[in-house]
Amino acid sequence: MAFSRVFPDPPSKSIFKTFALMLLSIVTSLYFLHCLTERCGTCIPTERREAGPVEAFYASKLKDFESLRRKRLLQKWTVMRHHSLIHRLESVREGGLTLPVIDADRHVLQAHVKMSNSLDVDLETGESYFDTGKLSALGEGSKKLPQAIIIGVKKGGTRALLEFLRVHPDIRAVGAEPHFFDRNYDNGMDWYRDLMPKTLEGQITMEKTPSYFVTREAPARIYAMSRDTKLIVVVRDPVTRAISDYTQTLSKKPDIPTFESLTFKNRTTGLIDTSWSAIQIGIYSKHLDNWLQFFPMSQILFVSGERLISDPAGELGRVQDFLGLKRIITDKHFYFNQTKGFPCLKKAEGSSKPHCLGKTKGRTHPNIHPEVVQRLRDFYRPFNMKFYQMTGRKFGWDD
C-alpha cells in the first residue's frame, strides 16, 4: 500500500495503456468512416465507364433470356385459354352454355393471340378457329385431306352453303375453290393437303368446287383419295340455274350473244343445244350416273337450292346430320335480307356485324321470253323425273 503511493506505475505499463487507447481511437474512427460511407454512398458520384465487349455480350444475353421467358409464359397462358375455349365449346354441344358466352371467350382469346404475335410467339393465326374458320395455338392440329366435299353445282347455292357451314365449330373449310380434281390434279396430293386448314381431333375438313360434279374424271380421283369421302351437291331448278349461269357470264362479257340464241341449235325447230355448258350442267341425272359408279347414294347428299333460301336452317340441319355433327346451326343464326332476296347470317364468326354474301350474289336476271323458258322446262322434265327417282326426293321443279 505504501509502496504504491510512493512509486508511480512502471514505464512499460503506461506505454501499453497509451497504445491501446490510440488503437481503439483509430478503430473507432475507421468504423465511423465506414458507416458514413455506407449511408451516403448513393450520394457520392462515381465514375461511369462504358461496358466492354464481354459485359455487353452478357447483358444482351440476359435481356434475350428475360424476353424469351416472357414469351414462354404468354405461350403457356394462351394455350391454356385455347384449351379452356375448346372445353367450353364441348359444353355448348351438351347444352350447357350459350353462343354469346363462347363469342365473348373467343374475342378475348383472339386479342391475346394478337398480343402473342406481336412478341413473335409461334402461333398460327391463318383462318380463325371459328370462321375463318378457327384458331390453332402453337401449331396445334394438323392438315388433313378433306373428309367432305361440296362437289356441285355451279350457281346452285354452293357459296351460301359453305359460308353457313363455317359457323359450325367442328367444320374447317377452305375459302377459295381449289379445283384440284379437275384442273390441278397433276400438282399431287401433298399440294392439295397443304391447301387445307389445320384441324383438331373431331373436326371435319371441307372444300367446295362446283365444277367437280360435271367433271368426268373427278369421281375416280376422289375415290382414289378416299372411298369414304362424303359428297354434297346443291341442286337448283335447272332452268333458273341456266339463266343465272348466263347472267354471271354476261356480267363479265357484255358482248356475248343473247340467252335465246345460245339455248337453241335451231330456234325454228326448238332443238336445244346441249353442248352449251349452261344447259348441260342442269342434266343432273346424267352426271349423277357417273358418280354412282364409284360412290353409293348413301355417301351423297343433295341440298335444295330453293330450300336453302326459304328454309336455310332446315337444309343445314340435314347437312349437319349427314356429316354426323350436332345441330348447332339453327334458325337463330339467320335473317332474311329483303333487298338481296336471300338469307344472311345474323352475325358472322369473328365479327359483330351481320354477314351477307357479296354483291356478285343475287344479280338481277335478264328477261327471257316465256316461250324459251317453257321449251327449256319441257326439255328438262324427263331428266328431272329420273333425278327424283334416283335420289328419292322430289324437288318440285315441275310443279
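Biologist: What makes helix 5 (residues 158-165) a helix, and how is its direction relative to strand 4 known?

Modeller: Helices are DSSP runs of H or I with at least four residues, and strands are runs of E with at least two, numbered from the N terminus. Helix 5 lies across strand 4, strand 5, strand 7 (204-208), strand 8 and strand 11, at about 160 degrees to strand 4. Angles run from 0 to 180 degrees between N-to-C directions, with axes fitted to C-alpha atoms, for helices over the stretch in contact (heavy atoms within 4.5 Å). This is a predicted model, in which local features need pLDDT of at least 70, side-chain atom pairs count only at pLDDT 80 or more, and totals for chains, interfaces and linings use all residues. Residues are numbered from 1 along each chain as its sequence is written, and side-chain values use heavy atoms, leaving out hydrogens and water.

Biologist: Why are strand 4 and strand 8 said to pair?

Modeller: Pairing requires that DSSP find at least two bridges between two strands. Strand 4 (residues 148-152) and strand 8 (residues 230-235) have 4 bridges, in the parallel sense, and therefore pair. Both belong to an open sheet of 5 strands in the order 5-7-4-8-11.

Biologist: Which residues does His287 contact, leaving aside its neighbours within four places in sequence?

Modeller: They are Phe213, Val214, Gln280 and Ile281.
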